[in-house]
Amino acid sequence: MSDPSINSYRDLRVWQDAMTLAEACYRLTRQFPRDELFGLTSQIRRAAGSVPANIAEGHGREHTGSFVQHLRIAQGSLKELETHLLLAQRVSIAQADVQPVLLQCESLGKMIRALIRSLQQRASPQ
């Protein structure tokens with residue numbers, strides 16, 4: 001984590017993309033039925049917000065092992081988010097509305113996995 005161009009977690013593209021995803025989830029859930037406010041809407045928003053929050057927290061720990069652990073937690077939240085989105089699609093929300101957000105999830109998941117691999121390679125003795 002010694003890249004001089006990274007002064008803050010806000011400089012990380014993975015965090016920026018996670019924030020964009022969370023924003024997309026908030027926008028998507030605005031169209032959910034009112035009776036889902038404390039169900040899927042709440043679950044999707046919580047899981048979506050957890051992804052960038054864990055990336056930020058892990059980066060703030062300033063230890064590669066902690067960062068990797070928090071990235072893994074972010075990955076778990078991302079999978080939880082995908083599951084809630086798929087459920088929403090099954091019960092009430094049009095696939096055309098959910099699909100772009102699921103594609104963002106897939107792209108972010110790849111980015112998080114690549115960052116974990118990169119950090120682990122950097123941390124392991126050569």
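Visitor: How much of the protein chain counts as buried?
Guide: Of its 126 residues, 40% count as buried. Buried means under 20% relative accessible area, exposed means over 50%, and partly exposed lies in between, with a 1.4 Å probe and protein chains only.

Visitor: What kind of model is it, and what are the ground rules?
Guide: This is a predicted model: local features need pLDDT of at least 70, side-chain atom pairs count only at pLDDT 80 or more, and totals for chains, interfaces and linings use all residues. Residues are numbered from 1 along each chain as its sequence is written, and side-chain values use heavy atoms, with hydrogens and water left out.

Visitor: OK. Which elements does the chain have, and in what order?
Guide: From the N terminus on, they run α-α-α-α. That is four helices and zero strands. Helices (H or I, at least four residues) and strands (E, at least two) are DSSP runs, numbered from the N terminus.

Visitor: What does the C-alpha trace span?
Guide: About 50 × 20 × 20 Å along the principal axes of the protein chain.

Visitor: And the contacts: what share comes from residues 24 or more positions apart?
Guide: Those account for 71% of the contacts with a separation of 6 or more. Contact means heavy atoms within 4.5 Å.

Visitor: Let's go to H1. What is its reach?
Guide: H1 covers residues 13-29, 17 residues in all, and reaches 24 Å from its first C-alpha to its last. That is close to the 24 Å expected at 1.5 Å a residue. The expected span is 1.5 Å times one less than the number of residues.

Visitor: Which H1 residues are buried?
Guide: Val14, Trp15, Ala18, Leu21, Ala22, Ala24, Cys25, Leu28 and Thr29. What covers them includes helices H2 (40-60), H3 and H4.

Visitor: How do H1 and H2 pack?
Guide: At an angle of about 170°, with their axes 9 Å apart. H1 is therefore roughly antiparallel to H2. Angles under 35 degrees count as roughly parallel, over 145 as roughly antiparallel, 65 to 115 as roughly perpendicular and the rest as oblique. Axes are lines fitted to C-alpha atoms, for helices over the stretch in contact, and angles run from 0 to 180 degrees between N-to-C directions.

Visitor: Which residues make that contact?
Guide: On H1 they include Trp15, Met19 and Tyr26. On H2 they include Ile44, Arg45 and Pro52. By class, the contact of H1 with H2 has 13 nonpolar, three polar and one charged residues. Ala, Val, Leu, Ile, Met, Phe, Trp, Tyr, Cys and Pro count as nonpolar, Asp, Glu, Lys and Arg as charged, and the others, Gly among them, as polar.

Visitor: What about H3 and H4?
Guide: H3 (residues 64-91) and H4 (residues 95-123) pack at about 165°, with axes 10 Å apart. They are therefore roughly antiparallel to each other. Their contact has 18 nonpolar, seven polar and five charged residues.

Visitor: New topic. What is the phi of Glu62?
Guide: Near 55°, a positive value in a residue other than glycine. Most residues other than glycine have a negative phi. Glu62 sits in the loop between H2 and H3.

Visitor: Is Glu62 buried or exposed?
Guide: Exposed, at 69% relative accessibility.

Visitor: And where is Gln69?
Guide: In helix H3. Gln69 is partly exposed, with a relative accessible area of 41%.
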